[in-house]
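Visitor: I'm new to this one. Could you pick a single part and walk me through it closely?

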Amino acid sequence: MSSSPLQNLGQAIRQHGLVRFLEHYVREYPDAHLKGLVVDHLGPRREMDVNGRRVINFGSDSFLGLDQDPRVQTAIAQAVVRWGAHNGASRAFASVRSNEEAEEKLATWLGTEAALIYPSVSLANLGALPGLVSKRDLLVLDEHAHNSMQEGAKIAQANGARVAMFSHADPADLERVLTDAGEYRIAVVALDGVYSMTGALPPLVQLNEVCLRRNAVLYVDDAHATAVLGHKGRGTVLDALGNYDNTLVVGSLSKGFSCFGAFIGCTKDFKFLLKLRSSTFIFGGPVPPPYLDAVCVVCDILNSDEYEQIHARLEGNVRQLAEGAAKLGLVVLGGQTPILSVLVGDEEATLNAGLFLFERGFYVQSVTFPAVPYHAGVLRIQVNANHTGAAIDGLLAALAELQRRVVLPTAPTKDPRQAA
Ligand SMILES: Cc1ncc(COP(=O)(O)O)c(C=O)c1O
């Protein structure tokens with residue numbers, strides 16, 4: 001019996017190695033897989049109801065807990081009345097006033113001349129990176145750069161730019177790649193400001209020195225640092241380099257900001273150029289206006305003295321978890337950001353460990369290949385400012401119980417803040 005083109009397409013997709021691998025997980029571990037969860041309720045202290053079970057959610061990037069802040073929620077509610085749900089037009093034609101205000105506030109907070117908002121970091125990377133380089137130019141990526149930069153690089157390459165990779169966070173290898181590339185008009189070097197799977201920070205000073213020597217601009221995707229690292233949460237770049245003279249910085253409005261979208265911090269001139277050259281800006285819609293009003297509110301919070309208090313709560317929670325995990329002798333990656341990854345190793349063991357914690361009332365993300373290397377599965381724990389001390393103690397107790405049942409990799413006891 002002949003099958004339809006749509007069935008043939010489905011079969012063709014199923015032959016992809018990664019799809020086969022992931023389908024295997026879904027089939028073999030339907031309970032332990034814990035992906036695509038449907039959440040019925042979220043509470044102020046990260047309570048989450050899933051499948052009729054209440055768990056504490058340690059899987060949110062809303063690090064400061066501002067999604068639960070009444071000021072942020074009120075800003076959204078009031079802006080719905082002011083603007084409606086969505087204005088439904090590309091910003092190439094028109095933007096609501098709140099968009100302009102949010103960009104001005106973001107630039108002031110960040111310390112850049114200007115900021116340009118996109119609907120997500122992925123759309124910023126997919127639109128801006130190919131727009132920055134063309135035929136005579138070079139785009140160089142850290143080999144571990146976020147998927148959206150890798151995809152942006154593919155578009156840039158299809159448009160005629162040369163694309164190369166350098167070894168993860170390695171200034172000497174970046175120098176080698178830029179030297180070996182021969183002649184180019186300009187190079188753009190793209191990397192993450194903080195690597196979300198390990199929490200590691202790249203050596204920005206040394207990388208920027210190489211860029212300056214080799215006529216290259218540094219493009220830093222600081223998604224996980226936004227609102228969390230650096231003075232007033234403005235990320236890694238200004239604190240590391242002291243200026244933005246050679247940098248375009250991308251930040252997230254959907255993680256620490258608890259709103260929606262992304263921005264690129266840059267000069268006024270670059271803002272103008274990015275508007276002309278970012279396909280996702282021109283051919284896509286904007287962040288829904290209510291979220292732009294919320295971005296303004298969050299900027300005010302970050303710029304106020306209150307930020308240090310919220311951040312201290314977050315740091316205290318991260319410390320509590322990191323120290324507790326170190327006492328258990330667990331191998332913990334990260335600690336410089338609120339993401340701590342407990343090494344498990346084997347894929348099946350990682351999924352089962354996630355299920356074990358879930359059944360005890362704690363949701364953490366079981367992350368396996370291909371998001372991390374094969375057999376280097378981790379329990380990714382995202383700590384938030386609005387987690388209670390009791391919830392963190394509870395998670396540590398559950399980890400200790402897990403350790404009594406399965407052999408987890410252990411580390412010599414040391415300061416967990418050095419673990420990355
Ligand atoms: C470095 C980095 N860039 C981009 C993204 C994607 O961000 P968005 O959801 O805004 O597209 C992430 C998400 O985790 C990220 O870690």
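Guide: Let's start at Ala 169, which sits in the loop linking strand E6 (162-166) to H7. Keep in mind that this is a predicted model. Ala 169 isn't a glycine, yet its phi is positive, near 55°. Is Ala 169 buried or exposed? It has 20 C-beta neighbours inside 10 Å, so Ala 169 counts as buried, given that the cut-off for buried is 20 or more.

As for handedness, H7 passes H8 in a right-handed crossing. Which residues of H7 and H8 make the contact? On the H7 side they are Pro 171, Leu 174, Glu 175 and Leu 178, and H8 brings Gln 206, Leu 207 and Val 210.

Now for another residue with that kind of backbone angle: Lys 232, also not a glycine, has a positive phi of about 55°. You'll find Lys 232 in the loop between strand E8 (216-221) and helix H9 (237-241). Around Lys 232 there are 18 other C-beta atoms within 10 Å, so this residue is partly exposed. To recap the pair, Ala 169 counts as buried, whereas Lys 232 is partly exposed.

Methods:
Residues numbered from 1 in each chain as written. Predicted model: local features only at pLDDT ≥ 70, side-chain atom pairs only at ≥ 80, totals over all residues. Left-handed = near helix turned anticlockwise from the far one by under 90°. Helix = DSSP H or I, 4+ residues; strand = E, 2+ residues; numbered from the N terminus. Contact = placed C-beta atoms within 7 Å. Buried ≥ 20, exposed ≤ 12 C-beta atoms within 10 Å, placed from the backbone.
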